[in-house]
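Reader: Hey, could you walk me through this model? I'd like to go piece by piece.

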Amino acid sequence: MKIGDKHYRSVWVAEDGRTVQILDQTKLPYELEILDLNTVTDAATSIRDMWVRGAPLIGAVAAYGVALAMKKDTSDANLQAAYDELIVTRPTAINLKWALDRICPALKEVDPAERLTAAYALAGEIADEDVQINNQIGENGLKIIREIAAKKQPGETINILTHCNAGWLATVDWGTALSPIYKAYNEGIKVHVWVDETRPRNQGGLTSFELGSHGVPHTLIADNAGGHLMQHGEVDLCIVGTDRTTARGDVCNKIGTYLKALAAKANGVPFYVALPSPTIDWTVWDGVKEIPIEQRDGKEQSHVFGIGPDGTRTWVNTAPEGTTCGNYAFDVTPAEYVTGLITERGVCEASPEGLKALFEK
Ligand code: MRU
């Protein structure tokens, strides 16, 4: 998508054909800084420290991380070492494992002399596929927005609530939850987005940045505002992303998603999840019991981070020094609270039958 006049993906390979480049998402929306990743450790650090984030993007960067590892040494042992280094970077989003399980065994079948070239090609394939998947999610989600528009007065605004950032910055391009919104806006449907701030990492700032760059009207709200807005008829539709969806349709997404789904159910607001197929974990059934929930540094909870008056990036404490913090990064929304899953193959019920009907083959 565009920032100013320039089209960006969130990860790409530089002109030298080997350096992997990313936008430093810890600096956005204040600064647009491109970072070079030169080694597998750079890639692992970029995922762990959230220079890149969002389930599909984590998967793509992990795949490029394997390619970076192959620059140094194309042996089986180094391929395994790259897998081991990358797989532990973040525990919840399944796309990381999905991408590594796709690229590493495929490379194992390739002669070591050819592995470097093959690794970049395979990582590029994963990235390109992500763009196609999200484009298709956009088309399928657009149909839902059109249906809502058809029930409204001509020219009336459709208010959509989203949580976290499931836009192009969280994927390689387009985004998942934001993709239908971009497409609706592009075809002239009047949309307005309620953007949850998404403490403590404030991914809502990234969503506001994306929507603003594209011209989509939006309002940044405190995470606790959604229930109030739904009670007052100010939300027509919720669309969120997912970091892991189970075989029965439970959805693990950014902390706070579950509370939005409860409020949506209580107020009769449709609650959709934009789900690219690499985010389905077919090995997991009960998301609440089985999905590991990442817990991050308490400092992210006890402090806010931003640009100080002198332009320097600062942490500011908002809790008494030494306060014990619980920084749970994700939660699970059981399938019963999900109106539907918007996938690249169509929209389905959040149920084993719904998922199987689309993805049996
Ligand atoms: O901790 P993050 O910022 O990586 O979490 C991202 C989210 O929870 C997104 O909503 C999710 O990955 C879906 S993105 C397409």
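This is a predicted model: local features need pLDDT of at least 70, side-chain atom pairs count only at pLDDT 80 or more; totals for chains, interfaces and linings use all residues.

Reader: Fine. How is the protein chain divided into domains?

Author: Into domain 1 (2-128) and domain 2 (137-359), with bounds from an automatic or database domain assignment. Their C-alpha centres lie 24 Å apart. Domain 1 puts 32 residues into the contact and domain 2 puts in 34 residues, where contact means heavy atoms within 4.5 Å.

Reader: And how much area do domain 1 and domain 2 bury between them?

Author: About 2,800 Å², with 59% of it on carbon and sulfur atoms. Buried area here is the accessible area (1.4 Å probe) that two parts lose on being put together, summed over both. On the domain 1 side, R53, T92 and I94 lose the most area to domain 2, together 23% of what that side buries.

Reader: Switching to helix 3: which of its residues are buried?

Author: N78, L79, A82, Y83 and L86. Buried means under 20% relative accessible area, exposed over 50%, and partly exposed in between (1.4 Å probe, protein chains only). Helices (H or I, at least four residues) and strands (E, at least two) are DSSP runs, numbered from the N terminus. Down the axis of helix 3, the buried residues fall within an arc of 145°, so they line one face of the helix. That arc is taken from the directions from the helix axis to the C-beta atoms.

Reader: What covers the buried residues of helix 3?

Author: The cover includes helix 1 (40-48), helix 2 (55-72), helix 4 (95-108) and helix 5 (115-150).

Reader: Are the faces of strand 16 covered or open?

Author: Both are covered: F330 and V332 on one side, D331 and T333 on the other, are all buried.

Reader: I'm curious about K254 in strand 11. Is K254 buried or exposed?

Author: K254 is buried, at a relative accessible area of 6%. Its bridge partner in strand 16 is F330. Leaving out residues up to four places away in sequence, K254 touches R90, H163, C164, T198, Q203, D243, A329, F330 and D331. K254 and C164 are 90 residues apart in sequence, yet 6.4 Å apart in space, C-alpha to C-alpha.

Reader: What about D297, buried or exposed?

Author: D297 counts as exposed, at 53% relative accessibility. D297 sits in the loop between helix 10 (287-290) and helix 11 (299-302).

Reader: Last one: why call strand 6 largely enclosed?

Author: Because five of the five residues of strand 6 (residues 158-162) are buried. Strand 6 runs parallel to strand 7 (residues 191-196), with five bridges joining them, and I158 has V191 as its bridge partner in strand 7.

Definitions and conventions:
Residues are numbered from 1 along each chain as its sequence is written. Side-chain values use heavy atoms; hydrogens and water are left out. Two strands pair if DSSP finds at least two bridges between them.
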